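Here are my notes on this two-chain model, point by point. Have the structure open while you read.

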Amino acid sequence: MSEKYDLIVIGAGPGGYVAAIRGAQKGLHVAVVEADRAGGTCLNRGCIPTKAMIHASSLYREMNEGGRFGVYAEGVSYDYEKICEYKQETVDALVGGVQQLLKGNKVTFIEGKGTLLPPENGMNAVSVGDETYYADNIILAAGSKPASLPVEGIDLPHVVNSDGLFALDHAPESLVIIGGGVIGVEFATVFANLGSQVTILEALPKILDNFDKEISQNLKMILKKRGVDIHTSAMVKGFSETENGLVMATYEEKGKEAAAAGEYVLVAAGRRPVTEGLFADGAQPEMNGRYVKVDENYMTSIPGVYAIGDLIGGIQLAHAASAHGIRAIESICGAPATQNVAVVPAGVYTDPEIAIVGMTEAQAKDQGIDVVCGKFIMSANGKSLITKEERGFIKVVAEAGSEKILGAQMMCARATDMIGEFTTAIVNDLTVPDMLRSIMSHPTYSEGIGEALEDVHGMSLHTAPRPSRR
Amino acid sequence: MELKNDALYMKSHEWVVIDGDTATVGISDFAQSELGDLVFVNLPEPGDEVTAGETFADVESVKAVSDIYSPVSGVIAEINEELLDAPELINENANDAWFIKVENVTEQADDLMAPEEYEAFCAEEE
């Protein structure tokens, strides 16, 4: 019999590697099984490489717009292969760091695809190739992969998903993006920055449809101004190749057939959990549709077998997966929960950035919660004027009466870095007056947070009173 | 100021063209020029109810946010989505840049003025 572990984690993405390290820190004997490199989608094919592409492409656009600040650069150009090299170096550094951390914490790295076996003699088991490994606890953290679309032409060579798009050796002259969700609008940002002609086709009525209405509308306005062609309520019918080597996406918008052509089509229509080959016969826990069903401690229907991250559905974000992993370890070790996993901030790296946490005003109303709201428009924020930001705003939602913070929606420079203040407020039941006790440093983008909070009481200092004309 | 001859105006500077039980609503050329360059418009959704004399939308200039009032009561049949992507259309031609189309109009605001009367009203405001 091979070595027995306290914990085997299947998948070394941001859910799995964090669970493995935290388990080792807690004194568990841990192995992690991974078919690819450590880091998962987030480090290798998701969060990190896209943000590197956004950084490089934004720099290119900003250099071209330097004249607004009296700074001129002649002949600004980019080398796409160099951008990809920089992206890869960043990814490699982070992946190397995770591998070092696993090693440093004495986590055994087992290369291969892990399959959960039915329990044997009261022990949980995982097979990797011909080997079987045993453990008291197993955490399934196999992640997700891009979803496909059941339409004609999906297999054409120039119809790619996000993995395929990263593999290109040049920026496409024109790109049709299917899906105006987070992935779609971030890639639109990258390639619009680099000068590609970008079209977004979104099946729902708005881009970023699950976000606050004003965020969707503000982003659509800004992307259109940058030349991105956006069609909403547009149902894609299929793809075909044109005579001049482009791909044509046909779609139906408001009952009419229409078409958009591009050198490449990016299908960014959500992600599906990776469950193929994850369960041997008789080892599949109870499912919730295509997702693995878990309890509040992320345990599946099989005792000692946990599932976290994209496998369980809900919020598909790296930091949510990490939080699930930490909670699962705490449960295994009988420790109390340290994090509030119900409050998950989310960021979108458009320009300006978008960040949200907790409830929107509309969601609160749908749940019958009486709320008070405050909003500050960043055009009156000194720092935003200095850096000539696009229109942005900060909105705060609080419970009426108690003024307990319930949510915040931000669309402004550094929103993704600033949302944490609201996350801290929500999980600690802070109120509007609690948050207002802090002085905001000047000049900063974060002054907008203070102003939005003041606006709950109609007391924002830098908002002109609405003229009462009736 | 460019007057819209087929419209009635409110003291809060909205125009309305009423046709039977439907109405089209926008803001006056005077209003857009007072507001300055508009950078954002918040519109309601089709199917929402509007009430004569009550606010239904707001517009944002670099200076301030201003409420827009409804000249009629009824149900929104259509919103002008073009304005959402290009608020500057209101500055370019306020008389064409309608905000909402209202159906099942049941009531009108009590301060609606004919174009010439509105012109005199604006002259006094200036």
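Which residues of the largest nonpolar core, with its 83 residues, touch the most other members? That is taken up in point 2.

1. A word on the ground rules. This is a predicted model, where local features need pLDDT of at least 70, side-chain atom pairs count only at pLDDT 80 or more, and totals for chains, interfaces and linings use all residues. Residues are numbered from 1 along each chain as its sequence is written, while chains are lettered from A and ligands numbered from 1 in the order in which they are written.

2. Back to that core. The residues that touch the most other members are I177(A), I178(A), A188(A), A249(A), V265(A) and L266(A). A nonpolar core here is a set of buried Ala, Val, Leu, Ile, Met, Phe, Trp, Tyr and Cys residues joined through C-beta atoms within 7 Å. Buried stands for 20 or more other C-beta atoms within 10 Å of the residue's own, exposed for 12 or fewer, and partly exposed for anything in between, with C-beta atoms placed from the backbone. Helix 6 of chain A gives this core its largest share, eight residues. Helices (H or I, at least four residues) and strands (E, at least two) are DSSP runs, numbered from the N terminus.

3. Leaving out residues up to four places away in sequence, I178(A) touches L149(A), L201(A), V236(A), A249(A), V265(A), L266(A), V267(A), A268(A) and A269(A). Contact is a matter of C-beta atoms, placed from the backbone, lying within 7 Å. Another core, of 59 residues, lies apart from the largest one and includes A125(A), V126(A), A328(A) and I329(A).

4. Next, the parallel sheet. Five strands of chain A form an open sheet in the order 8-15-9-10-11, paired in parallel. Strand 8 (159-160) and strand 11 (229-231) of chain A are at the edges with a single partner strand each, so one side of each has no neighbour in the sheet. Two strands count as paired if DSSP finds at least two bridges between them. Strand 8 and strand 15 (residues 264-267) of chain A are joined by two bridges, and V160(A) has L266(A) as its bridge partner. Helix 6 (residues 182-193) of chain A packs on this sheet, where it touches strand 9 (174-178), strand 10 (197-201) and strand 15 of chain A, and its direction makes about 165° with that of strand 10 of chain A. For such angles, axes are lines fitted to C-alpha atoms, for helices over the stretch in contact, and values run from 0 to 180 degrees between N-to-C directions.

5. Now the antiparallel one. This open sheet of chain A also has five strands, in the order 20-21-24-23-22. Strand 20 (346-348) and strand 22 of chain A are its edge strands, each pairing on one side only. On average, neighbouring strands are turned by 10° against each other, direction ignored. Strand 20 and strand 21 (residues 354-358) of chain A share three bridges, and V348(A) is bridged to I354(A).

6. Look at helix 13 (residues 447-455) of chain A as well: eight of its nine residues are buried. Among them are I449(A), A452(A) and L453(A), but also E447(A), E451(A) and D455(A). The buried residues pack against strand 22 (371-377), strand 23 (393-399), helix 11 (415-427) and helix 12 (432-436) of chain A. Helix 13 of chain A lies across strands 22 and 23 of chain A, at about 140° to strand 22 of chain A.

7. Where do the two chains meet? In chain B, strand 4 (38-42), strand 7 (65-69) and helix 2 (81-85) each supply at least two residues of the side that touches chain A. Overall, 16 residues of chain B contact 13 residues of chain A. Strand 7 of chain B gives the most, four residues.

8. Last, overall size. Buried residues make up 47% of chain A and 41% of chain B.

Notes:
Two residues are in contact if their C-beta atoms, placed from the backbone, lie within 7 Å.
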